[in-house]
Number of protein chains: 2
Amino acid sequence: MLEKFDLSKKMSKSEYKELIEPARIKLSKLQRQAKEAGISIIILFEGWDASGKGTLINDLILPLDPRGFQVHTIHDPTEEEMMRPFLWQFWIKLPAKSRISIFDRSWYKRTLEDYVEGLLTINELHSTYRDINFFERQLTDDAYVIIKFFIHIDKKEQKKRFKKLEKNKSTNWRVTKKDWKHHKQYAHFLSASEEMIEATGTANAPWYIVEGHNQRFATNKVITKVTQILENNFMEIKKRKMEKEKEQVRIPSSVINNMDQSKLNKINLHQEINDQNYIKSLKEHKKKLRQAEYQIYKRRIPVIILFEGWDAAGKGGNIKRLVSNLDPRGYEVVPVSAPNEIEKSYHFLWRFWKEIPKAGHIVIFDRSWYGRVLVERVEKLCQESEWKRAYREINEMEKQFINFGGVLLKFWLQIDKEEQLLRFKAREENPDKKWKITPEDWRNREKWDQYKSAIDEMFFKTSTHYAPWTIVESNNKKYARIKVLRETYQAIKKRLETNEVVKLEKEKQ
Amino acid sequence: MLEKFDLSKKMSKSEYKELIEPARIKLSKLQRQAKEAGISIIILFEGWDASGKGTLINDLILPLDPRGFQVHTIHDPTEEEMMRPFLWQFWIKLPAKSRISIFDRSWYKRTLEDYVEGLLTINELHSTYRDINFFERQLTDDAYVIIKFFIHIDKKEQKKRFKKLEKNKSTNWRVTKKDWKHHKQYAHFLSASEEMIEATGTANAPWYIVEGHNQRFATNKVITKVTQILENNFMEIKKRKMEKEKEQVRIPSSVINNMDQSKLNKINLHQEINDQNYIKSLKEHKKKLRQAEYQIYKRRIPVIILFEGWDAAGKGGNIKRLVSNLDPRGYEVVPVSAPNEIEKSYHFLWRFWKEIPKAGHIVIFDRSWYGRVLVERVEKLCQESEWKRAYREINEMEKQFINFGGVLLKFWLQIDKEEQLLRFKAREENPDKKWKITPEDWRNREKWDQYKSAIDEMFFKTSTHYAPWTIVESNNKKYARIKVLRETYQAIKKRLETNEVVKLEKEKQ
């Protein structure tokens, strides 16, 4: 497919001069408009070594206000990056609101270099394509603009350019052994590139092939394309962006009204444990968990344990028992509340990606990304379209974490309405616990049925085979604590038994 | 000095049991109060290998709500950390508002291990002490609480513990060759520790020595100390914290009223450059700067270029010319506006520390930390005591950057009041530039004299020999741009000629 591009395309100096200045002025204006509209833009450059990506980026940014963009050059992953699922490093480099991130190489580096060099199996390649498509769709759904360029030159031209660079004293350091090796593998890279373009050229984030032999032609094409895309889509992007920011949203239409079908109704909340067994079991499990913590550290397995549940269901107490015998250097507890102004200006998963545990560590989330489909849905803090697509986005994120080799536990702490009332009242009467109860808790309680619908839909849509929910019957606190400890230990043990290795990027090299 | 501590101190089981529970309950309550009051707490543990720091940290956190603290274990610096001034890694680990950071080893690791191992010269040791004292003072002035423990055991006890660990199969991996090497160097470490304690035991952040032979005694001492410190200082810390947050502050008293003495009056703003020279010089300097960019990358010199100046003085245009021929992979432009809610909850320098360039890279600040003593002072966005101590804090930060081997350029773009008026009007008349001018600009203009006083005081207090201000006469834009380019190039050239090497942490090892 790439061979079909006419690489002999040229642009004369005079034509270039005539076209480029107005295009630049237009682009500069568009940057300003995008900034004002709060639009975030991602422009990435992939393509052959010596295809002129650096120069193209320079030409592209010339008309831009340097205060509004940042160029990221993607090298081999650092230690910190190796220890997380592969897209982590890109999530944390997303442009903030109103800003532009330009990538010199990108998440596609993996599907080309790593794959051609034999560091990825064909299965891993396909799962990488899938993760990338998910990633890009999540962003464009959230009103980010993604523009992807592939700069194409043929083998002969690449050789010519390498030779020229080598001849010149001040540039010969730029041509490495690896470059020549890749040059020899041109045919492999060609088919890998074509497959990549095919597998990831989506409607929301299509590829633009740029014929790279003639610099003027290429520059003009890149600037014109960026300008066109922004111009053509500006009104639509702006509309989406504004919708996203609207506080007032329609009333959710998809609540499950049939309460009889609720999963929560079928739970037997009257399970108990006697004190003697509780104390014995607590001690046992804490000891086992400490050992497990050391094993996951040695085996570099990352673990996420998240807690959701009704107010006063006992999240704090459960977390406390869970960590009390752990080595504090191996875990972190992340309390989640409403997103702040910065967090709100990114995709809603951004703040959770930032907190993903590195290999060998445990992160415990006290509330989590499920807030999107619970409180944010019920309290109408986001749009219907946003929480509706969140189920899928959440499943995709969790899948990536599991594929990386992680253990994920999702606990729902279930109490009934009567038990909650008892606990609220007990808190109000105890001066040491009174701070735990707020008017908001009472308000939430009034919306019990709405929450129940949301919870049921959440179970239905996010109980995947790779990341199922564990419902913890919590009317009896002691029973609940033991169940959480046991389930956590079992899940880690099971993972340890698989002997599956967390394949850090470094080890591949 | 350390020998004077009675290491035979013990605590019986029964005494421990009696004391520890009430102490824990108290601590737990204090954590909650501190959280409510928005106080941030740092607790650090230094001391001998095998002195029981890990166990002490475990005992300390037992009564704490795990959602409110984070434990940081300090290892050898990562690649990212090596590339910045040594305190950077600790700035970015500061606890957010209402949170506790617990450090297992800390910034003191350097003054012990690195020094004893001969990686620091005596001069570097002393400058590290100084930087640490500055760092801690900046934090405690800003209502952070710092509690520092040194856990002491003698050589014999250390040996006994190493042997015991080695005997046990499940712990023998914990005793390394390095540990035995350090054990042999006990005397060296002892004197280094004593010197450290003496040099950094300040009134605002004193050391607490904990006799570590008996675990119960040590645990009780640590918990009691933390509780005491928080209790005794709670009201005072809370007061300071609330003062910090007060929006309404007193009117600055220290303005320099004698306008005749203003440095700004003495500047000849009527310097010009003709078009021919401008174009030639612009081209020349851009080329030179590109080469310099490559040199600093190779030599791993970090560069900060910051711009301050009157509204419409031409910051944007200057930055544009400065970067237009640079490789975008080597620089970043950081626009600075009012701090957001997160940034406000840290020390004001936190957000700038986060942006410090790594070795070999350039960061250009469009406005900077000087906002504290300019707009925040004049508009009364911070307290008088805060901007008054900011001069010193700024000097200290800049010094650390220079000592690390960096180049720092501070440009003040000066125009007179008439020129500003002309530019404001020109902007208002040009539909393409109208967005650049806001009612705020006009309001600021009315406070010209107040700003002038603040600027003069800023020059007076922050023009250090290691980081002087460069005033750029900017009534003529072209003249200004050439001056900025020339001064930048000269400063980098001068730095390159020193042949001084940026001593990254890694190279020391």
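A residue is buried if 20 or more other C-beta atoms lie within 10 Å of its own, exposed if 12 or fewer, and partly exposed in between. R367(A) has 18 C-beta neighbours inside 10 Å, so R367(A) counts as partly exposed. The model is predicted. R367(A) is not a glycine, yet its phi is positive, at about 70°. R367(A) sits in the loop between β8 (362–366) and α15 (375–378) of chain A.

A312(A) is another non-glycine residue with a positive phi, here near 70°. The loop between β6 (303–309) and α12 (315–323) of chain A holds A312(A). A312(A) counts as buried, because 22 C-beta neighbours fall inside 10 Å.

## G309 in chain B

Strand β6 (residues 303–309) of chain B contains G309(B). G309(B) has 20 C-beta neighbours inside 10 Å and therefore counts as buried.

Leave aside residues up to four places away in sequence. G309(B) then touches K315(B), W412(B), L413(B), Q414(B) and S474(B). One of these contacts, L413(B), is 104 residues from G309(B) along the chain.

## Helix packing: α5 with α6 in chain A

Two packed helices are described by the angle between their axes and by the distance between the axes. In chain A, take helix α5 (residues 109–116) and helix α6 (residues 122–141). Their axes come within 10 Å and cross at roughly 170°. Angles over 145 degrees count as roughly antiparallel, so α5(A) is roughly antiparallel to α6(A).

On the α5(A) side, the contact is made by R110(A), T111(A) and Y115(A). On the α6(A) side, it is made by L125(A), T128(A) and Y129(A). By class, the contact of α5(A) with α6(A) has three nonpolar, two polar and one charged residues.

## Helix packing: α5 with α9 in chain B

In chain B, helix α5 (residues 109–116) packs with helix α9 (residues 186–200) at an angle of about 145°. The axes of these two helices are 10 Å apart. The crossing of α5(B) and α9(B) is right-handed.

T111(B), L112(B), Y115(B) and V116(B) make the contact from α5(B). From α9(B) come H188(B), F189(B), A192(B), S193(B) and M196(B). The residues of the contact of α5(B) with α9(B) divide into six nonpolar and three polar, with no charged.

## Domains of chain A

Chain A is divided into domain 1 (2–245) and domain 2 (268–434 + 467–497). The C-alpha centres of domain 1 of chain A and domain 2 of chain A lie 39 Å apart. Their contact takes 19 residues from domain 1 of chain A and 18 residues from domain 2 of chain A.

Which elements give two or more residues to the side of domain 1 of chain A that touches domain 2 of chain A? They are α4 (88–91), α6 and α10 (215–245) of chain A. The largest share of that side, six residues, comes from α6(A). Helix α6(A) is also the partner of α5(A) in the packing at roughly 170°. The residues of the side of domain 1 of chain A that touches domain 2 of chain A divide into ten nonpolar, two polar and seven charged.

How values were computed. Residues are numbered from 1 along each chain as its sequence is written. Chains are lettered from A and ligands numbered from 1 in the order in which they are written. This is a predicted model: local features need pLDDT of at least 70, side-chain atom pairs count only at pLDDT 80 or more; totals for chains, interfaces and linings use all residues. Axes are lines fitted to C-alpha atoms, for helices over the stretch in contact, and angles run from 0 to 180 degrees between N-to-C directions. Helices (H or I, at least four residues) and strands (E, at least two) are DSSP runs, numbered from the N terminus. Angles under 35 degrees count as roughly parallel, over 145 as roughly antiparallel, 65 to 115 as roughly perpendicular and the rest as oblique. Two residues are in contact if their C-beta atoms, placed from the backbone, lie within 7 Å. Ala, Val, Leu, Ile, Met, Phe, Trp, Tyr, Cys and Pro count as nonpolar, Asp, Glu, Lys and Arg as charged, and the others, Gly among them, as polar. A crossing is left-handed if the near helix is turned anticlockwise from the far one by less than a right angle, and right-handed if clockwise. Domain bounds come from an automatic or database domain assignment.
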